[in-house]
Amino acid sequence: MNKFLSSVVAAVVLSLVLSGPSLVRADDSEVIKEMPAGQIERIVKGFQDVQDFREVADGVYAFNVEGIKMLIFNKGKTLQLHAGFSTKISLSRINEWNRTKRLSRAYNDQDGDANIEADLELTGGVTQQNVKEWLKTYVISLKAFKKHLDQ
């Protein structure tokens, strides 16, 4: 019986060792309904192009991606990405962006400067992978919006 138990334990340990990468991925698939500050920091810092990540206020983080300054607002149950430009753009160009693009929205602020944002609702549950994909999608939109401003 001892030999049998030892074999079972050895098999379990071996399977855990061999499945190591899938155990790491389990964190990515864990459902999140509220985002702790440390977790959003790890996710954003893990993104390949992020530079100069820092907390600028409670739940507000600034960072750069390819020289473009961005903010992320962590309200616990919602996240928002934001970038503002000191570029004036007509309402028709802003409307063109909003009409032809998805997953972000653009607007002129009170000074007439162009801004682009995207929100992520966590209440129903998301995974870390969803948050990473949201960030990646926003950066793609942000780069396209910058080109839109320059046209």
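Asp28 touches Thr127, Gln128, Gln129 and Lys132, leaving out residues up to four places away in sequence; a contact here means heavy atoms within 4.5 Å. Asp28 belongs to helix H2, residues 20-29. Helices (H or I, at least four residues) and strands (E, at least two) are DSSP runs, numbered from the N terminus. Between Asp28 and Gln129 there are 5.4 Å in space, C-alpha to C-alpha, and 101 residues in sequence.

Before I continue, a word on the origin of these values. This is a predicted model, in which local features need pLDDT of at least 70 and side-chain atom pairs count only at pLDDT 80 or more, while totals for chains, interfaces and linings use all residues. Residues are numbered from 1 along each chain as its sequence is written, and side-chain values use heavy atoms, with hydrogens and water left out.

Let me turn to the protein as a whole. The protein has five helices and six strands, and from the N terminus on the order of elements is α-α-α-β-β-β-β-α-β-β-α. Of its 151 residues, 36% are buried. Buried means under 20% relative accessible area, exposed over 50%, and partly exposed in between, with a 1.4 Å probe and protein chains only. Taking contacts between residues at least 6 apart in sequence, 56% join residues at least 24 apart.

I come next to helix H3, residues 37-45, and its packing on H5. Their axes are 10 Å apart, at an angle of about 50°. Axes are lines fitted to C-alpha atoms, for helices over the stretch in contact, and angles run from 0 to 180 degrees between N-to-C directions. This angle makes H3 oblique to H5. Under 35 degrees counts as roughly parallel, over 145 as roughly antiparallel, 65 to 115 as roughly perpendicular, and the rest as oblique. H3 passes H5 in a right-handed crossing; a crossing is left-handed if the near helix is turned anticlockwise from the far one by less than a right angle, and right-handed if clockwise. On the H3 side, Gln39, Ile40, Ile43 and Val44 meet Gln128, Val131, Lys132 and Leu135 of H5. By class, that contact has five nonpolar, two polar and one charged residues. Ala, Val, Leu, Ile, Met, Phe, Trp, Tyr, Cys and Pro count as nonpolar, Asp, Glu, Lys and Arg as charged, and the others, Gly among them, as polar.

How do H4 and H5 cross? The axes of H4 and of H5, residues 128-150, come within 11 Å and cross at roughly 150°, so H4 is roughly antiparallel to H5. H4 also passes H5 in a right-handed crossing. Arg93, Ile94, Glu96 and Trp97 of H4 make the contact with Ser141, Ala144, Phe145 and His148 of H5. Here the classes are four nonpolar, two polar and two charged residues.

Arg93 is located in helix H4, residues 91-100. Is Arg93 buried or exposed? Arg93 counts as buried because its relative accessible area is 19%. A polar atom of its side chain lies 2.5 Å from the backbone oxygen of His148. Apart from residues up to four places away in sequence, Arg93 touches His148 and Gln151.

Ser141, in helix H5, is buried as well, at 10% relative accessibility. Neighbours within four places in sequence aside, Ser141 is in contact with Trp97, Arg102, Ser104 and Ile116.

Conventions. Polar contact = N/O pair within 3.5 Å; in protein donor to acceptor, adjacent residues only side chain to side chain.
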